[in-house]
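Subject: Structure for your files

Hello,

Here is the structure I said I would send. My notes on it follow below.

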Amino acid sequence: MSVRDVFWLKILMVTLIEANMKVYKRITSDDLRSLVVRPVTSLAELEAKVNPIVSAVREQGDAAIRHFTREFDQVELNSLEVTTEEKIQGPSQLDESLKGAIKQAKENIQRFHEAQREKQVDIETMLGVHCWRQSVPIKKVGLYIPGGNAPLFSTVLMLAVPAMVAGCSEIIICTPPQKDGTIHPAILYAAEISEVHRIFKIGGAQAIAAMAYGTETVPQVFKIFGPGNQYVAAAKQLVNRDGIAIDLFAGPSEVLILADDSANPAFVAADLLAQAEHGTDSHCLLVTTSNALLYQVQLQIEKQLTSLSGNRHLQKSVDNFCLVLVKDMEDGIALSNLYAPEHLIISTHNAMGISSKVENAGSVFIGHHTPVSLGDYASGTNHTLPTNGSAVAYSGVSLDSFLKKITFQQATVQGLQNIGGIVTQMAIAEQLPAHANAVAVRLKSGE
């Protein structure tokens, strides 16, 4: 470490006390528990606020949506649906280079999701007994796209493109209007090239309720996708209880970076800050075997913060950073698998080899030159991922998220004769004689 770095490090140690960045060098069992548990708002508190909104939309339809749009977005809408004229005029305002970037990202995402198609396989489980599974698209899907001050047009691509590839026959979007009552042109353009059928200027919990139950204007869908704030997430959980399918129980965004002495501290700091940009409740961890890297990353965080000072969320988010020193990479990967991060960056020697030990993660970014930003926008993988530790059992959004799997079977006369005795014996043992009879009458008929 240079003399200049030592000077800055002395200043940094004072700053860290003020910033409350959490640094762990000797992890205890209590530390592990605090690292793994994400800070969450009480679900009961959220539901108490969201349930009246959902109920009002279910009972009053468009009138309730207009009321909540005035209250929460301070916008008076003439029409809840984006008009054909708006769909044409909006994208014309975009810079052609941005259009080109969005189009290339769309092509990458489409290519990756098309490769996920499964070949239908017919299995003859016994002679004359054939079984197969067929993928059938979910007919009507609703996509929630956060908008307003931060229009996430990339999420349009992440959700609408696999829906299009799957063959969903009705794809609708709900997204909050801007202060002038319009939808950001990049959202309109991404929707256009992804073959979205209808777009509605509705945000928040009221949008989720509108898609779940339908209104005079908004059609009811069979499954709802998309990220959002805690109120949107709570609304998705509420409508799910009424049988409306949803993609994920999403929480605040998160990243865990596994790094050793080969990592570039500037890259690591940039990745932590990029994830923190999602909001003050983002969860960001560095797990490293290098004491020197741990300190150098802290230096870089402070340096890079100065150039990102326009983002009011970042300093508060940095207060929640957890920087952890572990004995070796085995301990590091064990901690990562226990935490089950939404995003996992492996910035180490032999990063590919270490990636083979990953058991729990939403999406993995391997090597020093693969920031999460690539997957967020354009590499091709989906950025709608499990959070809050749910990666131990759940996957991110994929082509399969927009498909139903229906199984089929067909038996010939010979097949029924071959399997009939097995089924009859099992049905009788379970004391279900009618099940056995359904086989017996066919065997006796001689047909």
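I begin with helix α12, residues 291-307: at 1.5 Å a residue its 17 residues should span 24 Å, and its end C-alpha atoms are 26 Å apart, which agrees. The expected span is 1.5 Å times one less than the number of residues. Helices are DSSP runs of H or I of at least four residues, strands are runs of E of at least two, and both are numbered from the N terminus.

This is a predicted model, in which local features need pLDDT of at least 70 and side-chain atom pairs count only at pLDDT 80 or more, while totals for chains, interfaces and linings use all residues. Residues are numbered from 1 along each chain as its sequence is written, and side-chain values use heavy atoms, with hydrogens and water left out.

The chain as a whole

The chain has 18 helices and 14 strands. Its C-alpha trace spans about 95 × 60 × 45 Å along the principal axes. Of the 447 residues, 49% are buried; buried means under 20% relative accessible area, exposed over 50% and partly exposed in between, with a 1.4 Å probe and protein chains only. Taking contacts (heavy atoms within 4.5 Å) between residues at least 6 apart in sequence, 75% join residues at least 24 apart.

Two strands count as paired if DSSP finds at least two bridges between them. Strand β12 (residues 343-347) runs parallel to β13 and is joined to it by four bridges, and L344 has V364 in β13 as its bridge partner.

Axes are lines fitted to C-alpha atoms, for helices over the stretch in contact, and angles run from 0 to 180 degrees between N-to-C directions. Among the buried residues of α12 are L293, L294, Y295, V297 and Q298.

The five-stranded sheet

A second open sheet has five strands, also paired in parallel, in the order β6-β5-β4-β7-β8. Here β6 (198-200) and β8 (245-246) stand at the edges with a single partner strand each, so one side of each has no neighbour in the sheet.

In strand β4 (residues 140-144), five of five residues are buried. In a regular strand the side chains alternate between the two faces of the sheet. Both faces of β4 are covered, with K140, G142 and Y144 on one side and V141 and L143 on the other. β4 pairs in parallel with strand β5 (residues 170-174) over five bridges, where K140 stands opposite E170. With strand β7 (residues 223-225) β4 forms three bridges, again parallel, and V141 stands opposite K223. β5 is joined to β6 by three bridges, and C174 has F200 in β6 as its partner.

A helix crossing

The axes of helix α5 (residues 84-92) and helix α8 (residues 185-193) come within 8 Å and cross at roughly 110 degrees. That makes α5 roughly perpendicular to α8, a word used for 65 to 115 degrees. The contact is made by E86, K87, G90 and P91 of α5 and P185, L188, Y189 and E192 of α8.

Regards

Terms used:
Angles under 35 degrees count as roughly parallel, over 145 as roughly antiparallel, 65 to 115 as roughly perpendicular and the rest as oblique.
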